[in-house]
Amino acid sequence: MTQLWNFSGGIHPAEHKQLSTTRAIQAAGIPKQLVLPLQQHIGEPAEPVVAVGDHVLKGQKIADVSHGMGVPVHAPTSGVIESIGDYPVPHPSGMSDTCIVLKPDGKDEWCERYPISDYRKLDRDQVLDIIHSAGVAGMGGAGFPTYIKLKPRRDRKVDTLILNGAECEPYITADDMTMREKADEVVAGLKVMAWILRPERCVIGIEDNKPEAAAALREASQGTKIEIAIIPTKYPSGGEKQLIQVLTGMEVPSGGIPADIGVMCQNIGTAVAVARAVFEGTPLIARIVTLTGEALGKPGNFDVLLGTPVDYLLEQAGLKPDRVSRLVLGGPMMGYTLTTTTVPVIKTSNCIIAATASELPAPPPEQACIRCGQCAEVCPMELLPQQLFWHAKAAEFEKAEHLNLFDCIDCGACSYVCPSSIPLVQYYRYAKGEIRMQRAEQLKSDRARERFEARQERLEREQQGKELRRKERAKAASEAQTKKKAEAEKAAANGEAVDERAATSALVEQALARKKASTKAAQAQQAHTATPPEPAQEMPDMEVLEKQFAQAQAKLETMQAMLEDAKTQQADNVEKLERAVAKNHDRVKRAEDALAEAQSETQPTE
Amino acid sequence: MWTGIIIAVLVLLGLALVFGGLLGFASERFRVEGNPLVEQIDALLPQTQCGQCGFPGCRPYAESIANGDAINRCPPGGESTIKALADLLDVEPQPLDAEHGVEQARRVAVIREDECIGCTKCIQACPVDAILGAAKHMHTVIESECTGCDLCVEPCPVDCIDMITIEPDIRGWVWTQPKAGVIATDRQEANS
């Protein structure tokens with residue numbers, strides 16, 4: 001029996017899991033269209049490597065990462081690339097992002113696959129490469145690229161590898177059903193990861209409300225050293241930090257990652273994806289999604305191709321449109337409301353809840369905090385939710401940060417118990433977002449300051465250089481002057497010319513001779529080059545001027561048209577446009593003048 | 001009795017001299033160059049270097065604020081900068097001085113490249129060297145370095161620079177503050 005610890009806080013919400021565990025996992029089939037976002041993971045978005053109109057095979061790479069952290073995207077079935085563009089993606093903002101749209105041809109034709117029967121003969125880095133190019137990212141919700149997670153820094157030895165089968169959030173049963181039906185693959189994937197990391201201990205943590213899953217895994221892991229740990233059901237025991245605490249008694253340090261204390265946590269679905277990538281050569285193109293809620297006629301778990309639109313899935317699960325009041329992606333605690341059903345399933349989507357009005361009622365209005373302290377009691381991270389709430393509400397983000405706001409795991413236990421129904425976790429998310437934005441802005445302004453200062457320095461340097469050169473020139477000139485003077489004096493003193501007057505007249509004569517010679521030379525040069533190039537230079541000049549004039553006129557016309565438009569529409573930019581028109585009038589006039597001048601100059605010579 | 005008083009006076013005098021000397025030495029030895037307050041103020045300003053405050057850059061304005069100038073002349077910083085400055089200097093926050101401009105969403109300059117004649121005027125105007133190009137060759141703005149200061153728009157002889165508001169995208173998105181709830185009776189009405 002594995003020794004277990006406890007974490008502080010936690011809640012016991014109604015589970016609603018049996019809704020979706022009565023049916024076995026069903027294949028959802030191939031929809032008419034698959035929408036594949038280029039970013040289904042944390043890191044840089046992938047870049048398309050196919051063009052519109054290309055025919056792709058099932059499992060073919062359609063987007064890859066060339067730099068930074070990220071994983072490629074593969075075609076979930078064979079078909080034609082219909083378009084590449086912005087489509088709504090599953091995101092709490094409800095915004096769009098770049099997606100590749102694939103129209104399946106129905107043949108479901110596989111590309112060449114390279115299964116590996118004995119991965120132990122390969123290098124560990126080779127296996128990590130396989131996992132990377134199969135596009136495996138954490139399937140528990142965050143979508144962290146698995147190949148990076150499986151390669152901790154050299155000074156961080158992983159002693160304990162934990163497979164997270166707790167699935168503590170209500171409604172969701174995707175991991176539960178995967179463990180029940182695909183226990184062999186789960187164990188195989190875990191073995192691959194264990195071989196890469198070489199931990200001393202391998203544990204699968206399962207909440208005690210999933211006895212069938214535990215039994216299946218126990219059978220599959222017979223003869224191995226894998227421990228199956230049954231942990232008490234309590235939300236959020238499936239949180240990475242909480243599960244580590246329950247299974248090892250250790251706490252992940254604030255701001256740190258589990259690898260800092262020699263622990264790593266992986267998701268059940270990720271283990272299956274790793275097993276398939278290695279033993280079948282299959283990239284991550286499908287996942288198990290729980291479709292549940294009382295507004296569905298046939299709730300259950302579905303094996304869904306990535307990119308399948310939510311509305312197609314809801315249809316498969318027998319949606320009763322008149323009963324549904326709210327669609328939630330993810331669990332009821334940490335998920336978010338979907339505003340549209342056209343969004344696709346991605347690598348991190350684990351559950352879709354179609355809830356009736358009575359099931360997930362709209363939150364009651366927020367009331368004043370009565371300082372009951374229940375939020376602090378249930379907080380699994382032992383934070384001070386009340387203080388955090390006040391600071392977040394008052395926009396005193398520094399103080400909130402000082403109270404370890406960034407240790408909050410967004411579990412929502414505080415909001416769940418709040419008798420004043422304050423959306424506490426929403427306030428923390430808001431505060432975290434604001435702080436991140438401020439940090440990014442600070443970074444940007446620091447860089448701007450650096451560049452500004454560098455520029456000032458450069459300008460100063462240039463100015464100084466100019467000054468220096470000017471001084472040098474002045475010095476050289478004055479030196480030459482004094483030298484000349486000295487020479488003249490010397491000549492006078494030597495008595496070559498008897499009186500001063502003769503000397504000056506000689507100098508003047510010399511200067512005259514020089515001047516004559518130089519004018520002669522200049523005339524000769526002018527005679528050489530004078531006539532032919534001048535018209536040649538003049539002609540393009542005219543052309544340019546004419547072109548400028550035409551451009552200015554065209555611009556003026558468009559501006560006037562815009563002004564008319566704006567005036568008829570009563571837009572508020574009329575004043576600005578009027579200014580612009582005036583400016584353009586000036587410009588036209590200037591261009592005209594220049595043109596006329598140039599013409600009058602060129603005509604006599606011609 | 002007098003000796004006691006004299007001793008006490010002498011001792012205190014001696015101590016005063018010793019510490020006075022120490023303090024005098026320290027103030028010379030560890031003299032702080034420049035006004036440290038300027039650095040702190042400069043760190044709060046948005047570093048747009050737009051000159052809308054009437055000073056040639058953020059640092060000169062920071063120096064002026066340190067000398068007691070108004071803190072409400074920075075439109076790019078807006079309300080939040082004024083609040084931060086007020087906190088730092090312990091003065092009352094004032095509304096933004098509209099004479100120097102209004103707070104706007106973040107913008108970047110974009111050159112319509114086929115219209116650019118390569119005059120380098122915008123390059124000379126850019127306070128953060130965010131425009132790239134050479135004489136008689138097309139110029140372009142390094143978007144990540146542009147502070148949206150507007151200073152390149154005016155010098156352009158062919159008006160080929162647009163100031164474009166940065167639209168919020170999915171990667172820069174953050175949660176907004178939860179709306180203060182309506183009271184219960186309002187909600188019932190809304191539902192019925």
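Me: How many helices and strands make up the secondary structure of chain A?
Reply: The model considered here is predicted. In chain A, both kinds of element occur, and the secondary structure comes to 17 helices and 17 strands.

Me: Why is chain A described as more spread out than a compact globule?
Reply: The C-alpha trace of chain A spans about 125 × 65 × 60 Å along its principal axes. For 606 residues the globule rule gives 25 Å. Chain A is more spread out than a compact globule because its radius of gyration is well over that value, at 39 Å.

Me: What percentage of the residues of chain A count as buried?
Reply: A residue is buried if 20 or more other C-beta atoms lie within 10 Å of its own. Of the 606 residues of chain A, the share that counts as buried is 39%.

Me: Which domains is chain A divided into, and how far apart do their C-alpha centres lie?
Reply: The assignment divides chain A into domain 1 (18-356) and domain 2 (538-605). Between the C-alpha centres of domain 1 of chain A and domain 2 of chain A, the distance is 62 Å.

Me: Where in chain A is confidence lowest?
Reply: The mean pLDDT of chain A is 88, with 92% of its residues at 70 or more. Confidence is highest in strand 6 (residues 73-74) of chain A, at 96. Over residues 529-538 of chain A the pLDDT is below 50, and this stretch has 3 contacts in the model beyond near neighbours in sequence. Among the elements of chain A, the lowest confidence, a mean of 67, belongs to helix 16 (residues 533-569) of chain A.

Me: Which helix of chain A gives the largest share of the side that touches chain B?
Reply: The contact takes 21 residues from chain A and 22 residues from chain B. On the side of chain A that touches chain B, the residues divide into 8 nonpolar, 5 polar and 8 charged. The largest share of that side, 14 residues, comes from helix 14 (residues 424-494) of chain A.

Me: How many residues of domain 1 of chain B are in contact with domain 2 of chain B?
Reply: The assignment for chain B gives domain 1 (37-100) and domain 2 (107-165), and their C-alpha centres lie 26 Å apart. The side of domain 1 of chain B that touches domain 2 of chain B has 1 nonpolar residue, 5 polar and no charged. Domain 2 of chain B contributes 7 residues to this contact, and domain 1 of chain B contributes 6 residues.

Key
Residues numbered from 1 in each chain as written. Chains lettered and ligands numbered in written order. Predicted model: local features only at pLDDT ≥ 70, side-chain atom pairs only at ≥ 80, totals over all residues. Contact = placed C-beta atoms within 7 Å. Helix = DSSP H or I, 4+ residues; strand = E, 2+ residues; numbered from the N terminus. Nonpolar A, V, L, I, M, F, W, Y, C, P; charged D, E, K, R; others polar. Rg over C-alpha atoms; globule rule 2.2 N^0.38 Å. Buried ≥ 20, exposed ≤ 12 C-beta atoms within 10 Å, placed from the backbone. Domains from an automatic or database assignment. pLDDT = per-residue confidence, 0-100.
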